[in-house]
Amino acid sequence: MAPTLCSSSTCTPTTPSSLFSSFTLRRRLPLVGAFCMLSLGFSNLYTPSYSSALKTGSKLGIRSHSTVRMEANSTTVPSIVVYVTVPNKEAGKKLAESIVTEKLAACVNRVPGIESVYQWEGKIQTDSEELLIIKTRQSLLDALTEHVKANHEYDVPEVISLPITGGNLKYLEWIKESTRE
């Protein structure tokens, strides 16, 4: 029996291919893909069957010299993305600017309008927050963590890091050049 796609007025039998062509799914796939890339990293989505295409850039429209795997290049340093949440726009701006001024990161993206649900002191809490996405050297994680703890209004600020396993060579070199050693 074929699955059914229902709207407010009709129900239509669907095939898997017709589900993937629906407007709603196409609209949401970039968001899902972006989240997967941030959370899992490109190397976790990479499969051996695509290895030759990825190395040469064929069929993908990618030039092989514009991307790099982190462990394969001496002009870059091991780099990370760090997530930090802050309670509001003002706190986010102040902390982001101090991190870049101190050369603890090359760049801090401020993402407003997130809602966090968490347990604190035995109670479920829901708060509006801003997310800072920080790009820096792996070697600066301890100094960055101490800076966040010293300049953050939370008792236990979120500081979590994910490795950058590859990317645009010029951008990865810029992270190295824009941060302290």
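Residues are numbered from 1 along each chain as its sequence is written. Because the model is predicted, local features require a pLDDT of at least 70 and side-chain atom pairs count only at pLDDT 80 or more, whereas totals for chains, interfaces and linings use all residues, and side-chain values rest on heavy atoms, with hydrogens and water left out.

The protein has seven helices and eight strands, where helices (H or I, at least four residues) and strands (E, at least two) are DSSP runs numbered from the N terminus. Of its 181 residues, 29% count as buried. Contacts are defined by heavy atoms within 4.5 Å; among those with a separation of 6 or more, 68% are made by residues 24 or more positions apart. The average pLDDT, the predictor's confidence in each residue from 0 to 100, is 76, and 60% of the residues score at least 70. Over residues 14-37 the pLDDT stays under 50, and the model has 14 contacts beyond four places in sequence for this stretch. Residues 42-64 also have a pLDDT below 50, with 18 contacts beyond near neighbours in sequence. Where pLDDT is low, the predicted coordinates should not be read in detail.

β4 belongs to an open sheet of four strands in the order β5-β6-β4-β7, with antiparallel pairing; two strands pair if DSSP finds at least two bridges between them. The edge strands, β5 (107-120) and β7 (160-164), each pair on one side only. Neighbouring strands of the sheet are turned by 30° against each other on average, direction ignored; axes are lines fitted to C-alpha atoms, for helices over the stretch in contact, and angles run from 0 to 180 degrees between N-to-C directions.

Antiparallel pairing joins β5 to β6 (residues 123-137) over 12 bridges. V111 stands opposite L131 of β6, and Q119 has I124 of β6 as its bridge partner. The hairpin formed by β5 and β6 has two residues between the strands, and within this hairpin E121 takes a positive phi near 50°. β6 is also paired with β4, in the antiparallel sense and over eight bridges, and V84 stands opposite L132 in β6. Five bridges connect β4 with β7, again antiparallel, and here V82 stands opposite S161.

In helix α6 (residues 141-151), the residues L144, T145, H147 and V148 are buried. These residues lie on the same side of α6 because they cover an arc of only 160° around the axis, the arc being that of the directions from the helix axis to the C-beta atoms. D142 and A150, on the other side of α6, are exposed. The cover over the buried residues of α6 includes β4, α5 (89-101) and β6.

The largest nonpolar core has 15 residues, of which V84, L95, I99, V108, L132, I134 and L144 touch the most other members. Such a core is a set of buried Ala, Val, Leu, Ile, Met, Phe, Trp, Tyr and Cys residues joined through side-chain atoms within 4.5 Å. Two or more residues of this core come from each of β4, α5, β6 and α6. Beyond its neighbours within four places in sequence, L132 is in contact with residues including V82, V84, L95, A96 and V108. A second, separate core of eight residues includes Y83, I133, I164 and L172. In soluble globular proteins, nonpolar side chains tend to be buried together.

The loop between α6 and β7 contains E153, which counts as exposed because its relative accessibility is 58%. Residues up to four places away in sequence not counted, E153 touches P87 and A91. The C-alpha atoms of E153 and P87 are separated by 8.2 Å, although the two residues are 66 residues apart along the chain.

Notes
Buried < 20%, exposed > 50% of the residue type's maximum accessible area, 1.4 Å probe, protein only.
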